[in-house]
Structures are given as structure tokens and as C-alpha cells.
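Subject: Structure handover

Hello,

Here is the structure I said I would pass on. My notes on it follow below.

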Amino acid sequence: MAAPHRTPGDHTIVSVAAVLLSLLTGERRSGTGAARASALVRLLLGAEPREVAPLLGTATHWQVVHARPAERGARPEALAAAALGAALGSALVDAHGDVVRVLVPADREVTAQPGWTCGVSAPAEPHAWPTADAQAARALARAGATRAALVRHGSRTALSDLVPEADAAAHARALLAPLAEASGAAALTETLRTWLSLHGSWDRTAVALAVHRNTVRQRIGRCAVLLEADLDDPDVRMELWFALRQA
């Protein structure tokens, strides 16, 4: 800190040190460190989370954050994990393996953090912390798959977002090739798309396409033969819908 010339890296080190010092001195002044130690002891001796939660603060609901360094293959260091917790407004940090977990009061907004990929749970009461932990883990997995800096539990992610665009397009072409090569391909494809979007309703598909319901049945039957697929199977329908969205 007393170096005559400082590099950008020096500023980062100083910032982290200042954060850690503020946390340490803050704990000594307020007694929060002793309260957390007491909470840990009670948990180890069999207390329920809801019984010890008041020792951690006044919050009634909490969010679990799972974070992983954005740099592939990097493992979080203790100082970096502590700095992440401070940036999120919580000293309740657990660094294990390649993931850092932070317990954050629900009234504090969790935002994307530079250098980290984060998954955030829904707000949860103490008795539901294990569920929130699982939610955060799944959100982190989605964030990694979609290359997003932060994903919250409940944020809708389409299946197509989890598959590279080129691979999805190639799969769609291969799956739908029998329709594309058949006579009347456009009508067959559009009928199948509409029928699937309307959950297999013959009448609503007929209305949507302005054709007779028997025409819809004939086209869907022909699609089933060409694709050699059971269109009553929900897994088949899901795969075809995915392919049609890429077509």
C-alpha cells in the first residue's frame, strides 16, 4: 500500500484488503462474528435453521447465491470469495470446490458481479434453505450453459438456449428431412406446427388453418408415417416442436 507507484493490480489488492478489514472490525464492534459462531455451534448440536436464523440478522427471508469464477477452470480463492460476499452485502460465505455460496438477505438486490457467473435462488425462509440451495445450483448451471453473468431461479430459459445454434439447426434439418422432401411439404410442416402449438386439437387447428378437420387428420397422419413417429408420445411432440422452432 505504501509503494511509490501503484499498478491496477495494486488497487485491486488494496480494495479487497479494505473490504476484509471493514468486515473484521465491524464484527468486533457489533458482535456479529460471535453471533454467527453461536449459530454454527447450535446447528452442529442439532438446532433447526429457523431457530438460529435470528442470530444472523433481522431478515425473515434469504436468497442463496451460487457463484463460479467466469474464467474457465479457475478455482475461487478465499480472498476473492470474501470480496464477493462483501460486494453482495453478506459475510455468510462458503467457498467449496469451484463454487462459492453466499447467503444474502432477500431485501438486498443481487446483481451481476464482474468476473463471476452467478445463480440466485428465490427468497426462502430458513426452513427452506436446502431447497433454495438447490435452486441456486440449477440457476448457476443455466447461467453457465447460456453464458449469462447471472440467472435467477424462475427466469425462463428456452431449451434452444441450452444447445449451440448450429447444432440445433442441424438436428432440426435431419429430423424434419422426410417432411421437407415430401410433396406438399409446406402444408404438412405448417399443419404439424399449428397442431402441436394447439396441443393436438383437431378442431382448433382446422379453424386456424381454415381447412376441414378431416384435412388436418389426413396431414397429421401423413406426417406420422413420413417421420416414422408416434405423435401421441409427448417426448416425440417435444422434440418435433423444438425442431420446428429452429426450422
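How far apart are the axes of helix 6 and helix 10, and at what angle do they cross? The two axes come within 8 Å and cross at roughly 115 degrees. (Axes are lines fitted to C-alpha atoms, for helices over the stretch in contact, and angles run from 0 to 180 degrees between N-to-C directions; helices are DSSP runs of H or I with at least four residues, numbered from the N terminus.) Helix 6 is therefore roughly perpendicular to helix 10, the term for angles of 65 to 115 degrees.

Before the rest, two remarks on the source. This is a predicted model, in which local features need pLDDT of at least 70 and side-chain atom pairs count only at pLDDT 80 or more, while totals for chains, interfaces and linings use all residues. Residues are numbered from 1 along each chain as its sequence is written, and side-chain values use heavy atoms, with hydrogens and water left out.

Helix 6 and helix 10
The crossing is left-handed, meaning that the near helix is turned anticlockwise from the far one by less than a right angle. Helix 6 contributes Ala-168, Ala-169, His-171, Ala-172, Leu-175 and Leu-176 to the contact, and helix 10 contributes Glu-239, Leu-240, Phe-242, Ala-243, Leu-244 and Gln-246. Contact here means heavy atoms within 4.5 Å. By type, the contact residues are nine nonpolar, two polar and one charged (Ala, Val, Leu, Ile, Met, Phe, Trp, Tyr, Cys and Pro count as nonpolar, Asp, Glu, Lys and Arg as charged, the others, Gly among them, as polar).

The cores
The largest nonpolar core has 18 residues, and Leu-192, Trp-195, Leu-231 and Leu-240 have the most contacts inside it. Such a core is a set of buried Ala, Val, Leu, Ile, Met, Phe, Trp, Tyr and Cys residues joined through side-chain atoms within 4.5 Å; buried means under 20% relative accessible area, with a 1.4 Å probe and protein chains only. Helix 6 (165-180), helix 7 (185-197), helix 9 (213-227) and helix 10 (234-246) each give two or more residues to this core. Another core, of twelve residues, lies apart from it and includes Ala-81, Val-104, Val-110 and Trp-116.

Leu-240 touches Leu-175, Leu-176, Leu-192, Leu-196, Leu-227 and Leu-231, leaving aside residues up to four places away in sequence.

Helix 7 and helix 8
These pack at about 130 degrees, with axes 9 Å apart. Trp-195 of helix 7 and Trp-202 of helix 8 are among the contact residues.

Regards

Methods:
Buried means under 20% relative accessible area, exposed over 50%, partly exposed in between (1.4 Å probe, protein chains only). Angles under 35 degrees count as roughly parallel, over 145 as roughly antiparallel, 65 to 115 as roughly perpendicular and the rest as oblique.
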